[in-house]
Amino acid sequence: MRNLLKKLFLSVALAVFVMSRSAFAMPEIMSLDKIENGMKGVAYTVVDNSGVIEPFDVEIMGIMDNGKGSAKMIVAKASGEVVDKTGGILQGMSGSPVYIDGKLIGALSAGLKEMNPYIFFITPIENMLKIWEMPDTKAIKFVKKPKPTETKTDEQATFFFSGFDSNGLKFLERELEPLGFTNFYAASNSRLHNPIKYNAKLEPGSAFGVAVVCGDFLVGATGTVTAIDGKKILGFGHPFTHAGNVNFFMMDSDVIAAVSGENGNGIKLASVGNIIGRINQDRESGVAGVLGKFPSTIPITVNIKNVSSGKVETYRAKIAYNETLVPKLGTAIAYTALSKTFDSLAESTVTVEFKIETNAVESGVYSRKNMYYSPSDVGQVAMVELLQALNVLCANTTEITEIYSIEVNVEMESERRTATLVSAKPNKELVKPGETVYLEMTVQPYRRREEKFTIPYTVPISRREGPLVLDIHGGALVPVAQASGGGIQPSTGTPAQNFQNQLNKLLSATKNNQLILELNPTPALKTDKERKREAKRLKNLQKQIIELGIKIPTTTNRFDIGYIIDNVIQVTVNVDKFDGNINRKD
């Protein structure tokens with residue numbers, strides 16, 4: 001008789017639940033002050049690949065107050081066939097709605113690790129409803145022209161990833177851990193390109209996902225829907241990353257299986273598929289979003305060519321626009337694509353070119369190309385400039401930087417493309433200001449024959465008589481003259497000017513595969529007489545330039561080569577007195 005009454009109770013409760021689900025509106029709620037110890041209720045979740053929302057029994061054990069400034073939590077115990085089958089409360093059940101007498105009291109939000117897997121916490125529904133009232137200022141669209149308790153709980157989301165190899169995952173974890181992304185597990189993704197589904201429907205108890213990246217790569221978490229009101233969704237019962245007002249993907253999700261674990265560390269494995277909406281709130285009491293509304297996204301394409309094997313691969317993904325996450329996620333995707341295609345941490349050389357479509361530059365495309373070599377895992381250094389560029393773009397303090405797309409082109413080879421400078425011989429020993437001297441360069445590539453080539457250098461027209469010393473080095477080395485006078489320079493312009501200066505600084509930086517001719521500083525004049533004589537000379541020179549119509553020659557001191565130079569050499573020429581006979585405009 002007792003079993004019959006129990007089944008009847010569950011049937012009635014389930015019927016009430018189904019009616020409220022079919023209406024897609026908020027059911028009646030029971031506030032925290034009405035909840036008493038010993039009350040019995042029912043919770044709903046999906047635990048297997050059937051997709052069926054199943055009930056399990058709940059008994060209220062008490063209310064836990066964590067003190068001033070902390071939200072109260074309901075402590076409950078789960079029982080019944082569903083939780084017996086799963087071995088207790090699992091990660092992934094977070095958000096499962098809990099009802100007493102057909103009234104919604106809150107969402108399952110945390111279990112007790114290493115203690116009793118059947119005891120769990122419920123986030124009161126009145127706390128979760130406040131999330132819907134919070135402001136949403138992140139609903140941007142880029143239109144391209146063309147406190148801890150003494151109890152150990154699992155209140156954080158368990159994040160899934162897909163498409164990342166072991167090296168990429170280590171890179172991802174290192175970059176994202178400071179932002180609250182921990183506890184990663186591998187997830188399957190049967191619909192790799194994650195199409196948008198405009199008319200998706202969810203129900204309380206349904207599995208759903210929150211993601212920051214989708215496509216050939218996925219980063220996110222799955223949980224359970226707690227409540228629906230029209231198109232508005234509440235879920236999880238705890239934060240995703242606790243980032244507040246956000247701009248993330250809401251995705252539908254299929255449960256694969258429930259996996260029991262030792263000491264209550266079981267997990268509900270799930271995969272995500274379609275993009276079905278936008279998550280706009282990520283708060284202490286849960287996440288919230290809207291079905292049929294979608295986040296602003298940045299498509300990223302990574303093209304990898306393995307020169308050694310001829311293998312070519314293209315990876316594509318979408319990143320939900322978030323100024324904190326975009327630099328880290330974009331770099332992690334590019335690094336992983338390189339790691340997966342090359343499949344080796346041995347020494348290698350790569351050339352990386354990135355193109356970022358953005359409104360931050362007049363041309364519409366912010367691009368940079370450079371060569372890198374490393375004796376192991378070259379991707380760790382090869383993606384630094386991409387990370388720097390995205391960091392600068394996303395840290396604009398004057399306005400939101402619109403980023404329309406990211407393209408990364410990588411060519412890699414297992415050969416070591418470094419070289420040592422052997423000598424530099426000028427074609428003449430005595431030159432005049434404004435005159436060009438040609439240097440015959442000899443370089444020794446790594447374990448290859450010496451190579452020779454000629455580069456020009458034009459002596460500055462203002463150079464005074466005497467020896468001129470050139471430091472010749474690769475772009476990857478910092479010359480002594482710069483290193484000794486370094487230090488952080490203070491910002492002197494407006495925020496907009498400083499932003500542009502940062503963008504320009506990266507673009508104008510020397511490249512690793514460039515040969516640099518660095519003018520060694522002229523020895524300082526020691527006496528007042530010498531300084532006055534020099535000032536007079538420069539004044540007369542300026543007068544000569546104007547009167548004679550002399551076109552001042554440009555001096556090129558950077559030359560692209562096919563190697564990364566690993567040393568510095570010097571060459572000296574003697575500068576004669578300026579005679580005014582060069583480069584007249586007539």
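What follows is a chat about helices, sheets and a salt bridge.

Visitor: What kind of model is this, and how are residues numbered?
Guide: Residues count from 1 along each chain as its sequence is written, and side-chain values use heavy atoms, with hydrogens and water left out. Local features need pLDDT of at least 70, side-chain atom pairs count only at pLDDT 80 or more, and totals for chains, interfaces and linings use all residues, since this is a predicted model.

Visitor: How do α7 and α9 run, roughly parallel or roughly antiparallel?
Guide: Helices here are DSSP runs of H or I with at least four residues, strands are E runs of at least two, and both are numbered from the N terminus. The axes of α7 (residues 384–394) and α9 (residues 495–508) come within 10 Å and cross at roughly 165°. Axes are lines fitted to C-alpha atoms, for helices over the stretch in contact, with angles from 0 to 180 degrees between N-to-C directions. Angles under 35 degrees count as roughly parallel, over 145 as roughly antiparallel, 65 to 115 as roughly perpendicular and the rest as oblique, so α7 and α9 are roughly antiparallel.

Visitor: Which residues in α9 does α7 meet?
Guide: Contact means heavy atoms within 4.5 Å. From α7, the residues E385, Q388, A389, V392 and L393 take part, and in α9 they meet F499, Q502, L503 and L506.

Visitor: Which residue in the hairpin of β22 and β23 takes a positive phi?
Guide: The hairpin has five residues between the strands. The positive phi is near 55°, and the residue is R447.

Visitor: Which side chain meets E59 in a salt bridge?
Guide: A salt bridge needs a side-chain nitrogen of Lys or Arg within 4 Å of a carboxyl oxygen of Asp or Glu, and by this rule there are nine salt bridges. In this one, the N to O distance is 3.6 Å, and the partner of E59 is K40.

Methods:
Pairing = 2+ DSSP bridges.
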